[in-house]
Amino acid sequence: MKCAKHTDREAVAQCAECGAYICSECAEKTAELKEHCGVLCVECYRKEIEGARDFYVGDRKKKLRRIITSCVLYVVGLLAIISAFAIGAQGIELFWRVLIGLLFCGWDGAVAGWRKGEQAQEEYERKYGATYTVTDDGVYKEDGFFKKLIMSLIGMVIGVIATPINVIRYAVGMKKDKANVEMFERELAAISED
């Protein structure tokens with residue numbers, strides 16, 4: 001059998017994806033992914049590299065959106081808290097303004113807490129079965145609202161502290177993603193030269 005790309009060379013392997021025969025040079029070029037994907041022909045290798053590159057490009061975009069959203073909400077929250085004290089709010093008005101400010105500052109944590117509450121409710125239902133409430137209006141399935149609310153409030157408080165840390169973590173992750181994208185671009189350029 002001859003190599004699909006180099007028709008003058010004998011094949012030493014077959015592509016794990018498409019079944020094309022490949023020579024030792026092609027097998028050597030695509031050896032980077034051999035452990036994860038098996039032996040690949042150059043075209044299937046290119047598709048894998050492009051897929052990985054596109055994943056990191058998309059991941060960078062998601063992290064950038066999270067950074068922007070988190071920063072905007074955090075600043076709005078801080079402004080709400082500062083304004084409460086600046087206008088001399090007292091009593092219930094101070095409480096609500098600070099609570100709203102904390103909610104904005106800890107939004108990421110509040111959302112994560114709500115999700116944890118949903119997971120806890122699902123786990124409870126898997127373990128013990130669903131709980132129903134019977135009233136004059138009908139039968140209602142318990143959805144764990146208070147569990148989710150409590151977890152969300154705890155997450156909000158943690159989020160006030162964790163959000164700046166997460167923003168830094170996302171920024172560092174974006175830098176690593178950029179390095180990965182550049183590495184995949186170099187690899188694609190090297191493949192295209194042949």
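A: R9, E25 and K29 are tied together in a network of salt bridges, a salt bridge being a side-chain nitrogen of Lys or Arg within 4 Å of a carboxyl oxygen of Asp or Glu. Side chains of opposite charge can pair when their charged atoms come close. Before going on, the ground rules: this is a predicted model, in which local features need pLDDT of at least 70 and side-chain atom pairs count only at pLDDT 80 or more, while totals for chains, interfaces and linings use all residues. Residues are numbered from 1 along each chain as its sequence is written, and side-chain values use heavy atoms, with hydrogens and water left out.

Searching the whole structure turns up 10 salt bridges. One of them joins K2 to E10, with the closest N and O atoms 2.8 Å apart. K2 is partly exposed at 43% relative accessibility, and E10 is partly exposed too, at 46%. For those labels, buried means under 20% relative accessible area, exposed means over 50%, and partly exposed is in between, using a 1.4 Å probe and protein chains only.

R53 and D54 make another salt bridge, this time with 3.2 Å between the closest N and O atoms. Here the two partners fall into separate classes: R53 is buried at 17% relative accessibility, whereas D54 is partly exposed at 43%.

Then there's K63 with D59, where the closest N and O atoms of the salt bridge are 3.0 Å apart. Why are these two about one helical turn from each other? Because they sit 4 residues apart in helix α3 (residues 42–86). Helices here are DSSP runs of H or I with at least four residues, strands are runs of E with at least two, and both are numbered from the N terminus. Both K63 and D59 are buried.

Now for the cysteines. The structure has 0 disulfides, counting as a disulfide any pair of cysteine sulfur atoms within 2.5 Å. The sulfur of C41 has its closest cysteine sulfur in C44, but at 3.6 Å that is too far for a bond. C105 is in no disulfide either, its nearest cysteine sulfur being that of C71, 11 Å away. Both C41 and C105 count as buried, C41 at 8% relative accessibility and C105 at 2%.

On to the overall layout. The chain has 6 helices and 4 strands, and along the sequence they run β-β-α-α-α-α-α-β-β-α. Its radius of gyration is 27 Å, well over the 16 Å that the globule rule gives for 194 residues, so the chain is more spread out than a compact globule. That radius is taken over C-alpha atoms, and the rule is 2.2 Å times the number of residues to the power 0.38. Along the principal axes, the C-alpha atoms fill a box of roughly 85 × 50 × 25 Å. Of the 194 residues, 28% are buried. The accessible surface comes to about 12,900 Å², and 61% of it belongs to carbon and sulfur atoms; accessible areas come from the Shrake-Rupley method with a 1.4 Å probe, and for residues only the protein chains shown count as cover.

As for how the chain packs on itself, take contacts (heavy atoms within 4.5 Å) between residues at least 6 apart in sequence: 52% of them join residues at least 24 apart. Setting aside its neighbours within four places in sequence, S152 is in contact with G109, A110, G113 and W114. S152 is buried, with a relative accessible area of 13%.

G109, A110 and G113 are among the buried residues of α5, which also include D108, G117 and Q121. Helix α5 (residues 107–128) has 22 residues and should span 32 Å at 1.5 Å a residue, which agrees with the 31 Å between its end C-alpha atoms; the expected span is 1.5 Å times one less than the number of residues. Just after α5, G129 takes a positive phi of about 95°.

One last stop is L99, in helix α4 (residues 91–105). L99 is partly exposed, with a relative accessible area of 27%. L99 and A80 are 19 residues apart in sequence, with their C-alpha atoms 9.1 Å apart in space.
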